Amino acid sequence: MDQAPGSPRGPREENPHGSSELPVCYRHPDRETGIRCTRCERPICPECMVEASVGFQCPECVRQGSGTGHPHAVTRPRTLAGGTVTADPNLVTKILIGLNLALFLVQQSVGDDFTNRFELLGQASYTGYSPLEGVAEGQYYRLLTAMFLHGGYAHIIFNMLSLWWLGAPLEKALGRARFLALYLVSGLAGSALSYLLAAPNQPSLGASGAIFGLFGATAVLVRRLNYDMRPVIALLVINLILTFGWSGIAWQAHIGGLVAGVVIGYAMVHAPRERRALIQYGTCALVLAAVIVMTVVRTAQLT
């Protein structure tokens, strides 16, 4: 956001030369993995994992059926986090990108009046003579609407590219509902921390808080799958350097979204299967409770 102007890891295998390395997915030879299909024991990557009653199966074994006589709908395949496997695993990511682009076009068409009405603002008067506006004045919707507005072409292009790069694989791993919950709650956490810590008359807007939440969840997922963490860490460090080193960036939103993404992402991929939905959505509810607390505290300070 810018200021406005559960399966265990598979064992490592020993190659003929005695060095330890992970096998590669049988459908994607460029991807190392520690997970194997519980039926045919072939190595499978997150994109190929289909949740079974025990462990994960590969797409071919799922198509062949369980051999128990149960209809296919009874053993509907699930994602790593327990979501339903769908024909278009990136639908929510595409909708979010489309919504951001559509609202940016509205901003360009209508002008500052539209942006001023929906960007994040603590408490201020835009003209100095008009009534006070902002979250502290009861305009709580700004915590959400600011996540879908952007301050310029470079701002929205960078954020939408990041949303696609991070969102597409995360949505495949989590499923649509869990991914959407991660995105929205992380964005709200970023808005709430910005409202709490930033100057009340400093407006801000952008999807960066939610996108930093995707960063945090991606790091948790990569760790969970025992993939190489270095690329994710390097990209995150670069973004944090830009966050604190570049003027005009609401760092509070970035940090709030990142922390929320790590917390929610951990619950999504580590929750035990028997209580998975309760823990996953319960964690989202706890983060939302923190959002409410920050909002109430700041509003009390300003009114």
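Which helices each supply at least two residues of the lining of the second largest pocket? They are α1 (59-64) and α5.

## Ground rules

This is a predicted model, where local features need pLDDT of at least 70, side-chain atom pairs count only at pLDDT 80 or more, and totals for chains, interfaces and linings use all residues. Residues are numbered from 1 along each chain as its sequence is written, and side-chain values use heavy atoms, with hydrogens and water left out.

Helices (H or I, at least four residues) and strands (E, at least two) are DSSP runs, numbered from the N terminus.

## Pockets and a cavity

Spaces are found on a 1 Å grid over the protein atoms alone. A cavity is a set of points where a 1.4 Å probe fits but cannot get out. A pocket is an open set with protein on both sides within 12 Å along at least five of seven lines. Lining residues have an atom within 4 Å of a point. Grid points are joined across faces, edges and corners, and a volume is the space filled by probe spheres set on the points. For residue classes, Ala, Val, Leu, Ile, Met, Phe, Trp, Tyr, Cys and Pro count as nonpolar, Asp, Glu, Lys and Arg as charged, and the others, Gly among them, as polar.

The largest pocket holds about 520 Å³ of space. It has 19 lining residues, and the closest to its centre are P46, P169, L221, V222 and Y227. Three helices, α5 (153-174), α7 (208-224) and α8 (230-245), each supply at least two residues of this lining. α5 gives the most, with seven residues. By class, the lining has 14 nonpolar, one polar and four charged residues.

The second largest pocket holds about 380 Å³. Of its 22 lining residues, E47, M49, V85, T86 and P89 are the closest to its centre. Eleven of the lining residues are nonpolar, five are polar and six are charged.

The largest cavity contains about 70 Å³ of space. It is lined by 13 residues, with S194, A198, A199, Q202 and S204 the closest to its centre. Seven of the lining residues are nonpolar, six are polar and none is charged.

## The nonpolar core

A nonpolar core is a set of buried Ala, Val, Leu, Ile, Met, Phe, Trp, Tyr and Cys residues joined through side-chain atoms within 4.5 Å. Buried means under 20% relative accessible area, exposed over 50%, and partly exposed in between (1.4 Å probe, protein chains only).

The largest core has 62 residues, and I44, L163, L170, L174, Y183 and L214 touch the most other members. The elements that give two or more residues to this core are α2 (91-110), α5, α6, α7, α9 and α10. α6 gives the most, with eleven residues.

Contact means heavy atoms within 4.5 Å. Not counting residues up to four places away in sequence, I44 touches C25, Y26, T33, I35, R36, C37, M49, F56, Q57 and C58.

## Helix α10

How far apart are the end C-alpha atoms of α10? They are 40 Å apart. The helix has 27 residues (276-302), so at 1.5 Å a residue it should span 39 Å, which agrees. The expected span is 1.5 Å times one less than the number of residues.

Buried residues of α10 include R276, Q280, V287, M294 and L302. The buried residues of this helix pack against β4 (50-51), α4, α6 (176-197) and α9 (251-270).

## Single residues

C61 is found in helix α1. Is C61 buried or exposed? C61 is buried, because its relative accessible area is 5%. Leaving aside neighbours within four places in sequence, C61 is in contact with C37, R39 and C40. The C-alpha atoms of C61 and T38 are separated by 9.3 Å, and these residues are 23 apart along the chain.

N239 sits in helix α8. N239 is buried too, with a relative accessible area of 9%. Beyond its neighbours within four places in sequence, N239 is in contact with F158, F212 and F215.

P131 lies in the loop between α3 (112-118) and α4 (142-145). P131 is exposed, because its relative accessible area is 63%.

Most residues other than glycine have a negative phi. E41 is not a glycine, yet its phi is positive, at about 65 degrees. E41 lies in the loop between β3 (20-21) and β4. N226 also has a positive phi, of about 60 degrees, and is not a glycine. N226 lies in the loop between α7 and α8.
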